[in-house]
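Here are my notes for anyone opening this structure for the first time. Keep the 3D view at hand while you read.

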Amino acid sequence: MPAAGQPAPDFTLPRDGGGQVSLSSFRPGKVVLYFYPKDDTPGCTIEATDFTARLAEFAAADTTVIGISKDSVKSHDKFRAKHGLTIILASDEGGTVCEDWGVWVEKSMYGKTYMGIERSTFLIDGTGTVAVAWPKVTVKGHVDAVLKAAQAL
C-alpha cells in the first residue's frame, strides 16, 4: 500500500456512464481515491453518498473524488442511479489496480478467510504523490477528515 510521500500508481479504468478514467489526467489537481468493497452495500452506500454530499466542497479545494471497486460498470451505473451519486466510479473487475494499491487483502468473517478489498482512501497531490493514506477506513466521519486534509493541501 503506497504511503504518504510515495508516487501514486497510475491507472486507466472503465468508468460509470462509459468511457475511461486515468489518475494522471487530473494533474495538477488533487484526487481523493477511495477503494470500497461492493456497490449498494450499507457501508459503501453511506461512504458514496457522503462523498457525493460534499462534492462541491471537494471541487472548491481543486479535488476530484474517484471510487474504485471490482464491480462492473453496469453495477456502478445502477448504484449511481439508485442513490443519486455524482462522484466518479471506476471498475477494476480484473483487480490489477486494487493489487497495485495494496488494498486486495485476506479478510476473515465468521471464522472464514477470503480475499477482498480493504476499505482505504488516498489523497494524491497535484504532482501525483500520495499526500495522505487512510487504511482500514471506518465510514463514520471519514469524509469530513478527508475533506479537511484536501482543503489543507
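1. **Before you start.** This is a predicted model, so local features need pLDDT of at least 70 and side-chain atom pairs count only at pLDDT 80 or more, while totals for chains, interfaces and linings use all residues. Residues are numbered from 1 along each chain as its sequence is written, and side-chain values use heavy atoms, with hydrogens and water left out.

2. **Length of helix α1.** Have a look at residues 42–53, which make up helix α1. Helices (H or I, at least four residues) and strands (E, at least two) are DSSP runs, numbered from the N terminus. The expected span of a helix is 1.5 Å times one less than its number of residues.

3. Which residues of α1 are buried? They are C44, T45, E47, A48, F51 and T52. Here buried means under 20% relative accessible area, exposed over 50%, and partly exposed in between, using a 1.4 Å probe and protein chains only. Looking down the axis of α1, the buried residues fall within an arc of 165°, so they line one face of the helix. That arc is taken from the directions from the helix axis to the C-beta atoms. An α-helix has 3.6 residues a turn, so residues three or four places apart point the same way. On the other side of α1, P42 and A53 are exposed.

4. **What α1 packs against.** The buried residues of α1 touch several elements: strands β3 (30–35), β4 (63–69) and β8 (120–124), plus helices α2 (55–60), α3 (73–83) and α5 (142–152). Contact here means heavy atoms within 4.5 Å.

5. The whole structure has seven salt bridges, each being a side-chain nitrogen of Lys or Arg within 4 Å of a carboxyl oxygen of Asp or Glu. One of them pairs D71 with K38, at 3.3 Å from N to O. This pair links distant parts of the chain: D71 sits in the loop between β4 and α3, and K38 in the loop between β3 and α1, 33 residues apart. D71 is buried at 9% relative accessibility, whereas K38 is partly exposed at 45%. Another joins K82 to D40, with the closest N and O atoms 2.9 Å apart. Again distant parts of the chain are linked: K82 is in helix α3 and D40 in the loop between β3 and α1, 42 residues apart. K82 counts as exposed at 56% relative accessibility, and D40 as partly exposed at 36%. Elsewhere, salt bridges that share partners join R15, D16 and R80 into one network.

6. The side chains of R15 and D16 meet at 3.5 Å, N to O. Are these two residues buried or exposed? R15 is partly exposed at 23% relative accessibility, while D16 is buried at 4%.

7. **A nonpolar patch.** On the surface, M109, Y110 and Y114 form a nonpolar patch with about 400 Å² of accessible area together. Patches are made of residues with over 30% relative accessible area and no salt bridge; like charges are joined within 9 Å, and nonpolar side chains (Val, Leu, Ile, Met, Phe, Trp, Tyr) within 5 Å. The areas come from the Shrake-Rupley method with a 1.4 Å probe, and for residues only the protein chains shown count as cover. Y114 belongs to strand β7 (residues 112–117) and is partly exposed at 34%.

8. **Backbone details to check.** The peptide bond from R27 to P28 is cis, with omega near 10°, and P28 lies in the loop between β2 (20–22) and β3. D62 has a positive phi of about 55° although it is not a glycine. You'll find D62 in the loop between α2 and β4, partly exposed at 48% relative accessible area. K136, also not a glycine, has a positive phi of about 50°. Its place is the loop between β9 (130–134) and α5, where K136 is exposed at 65%.
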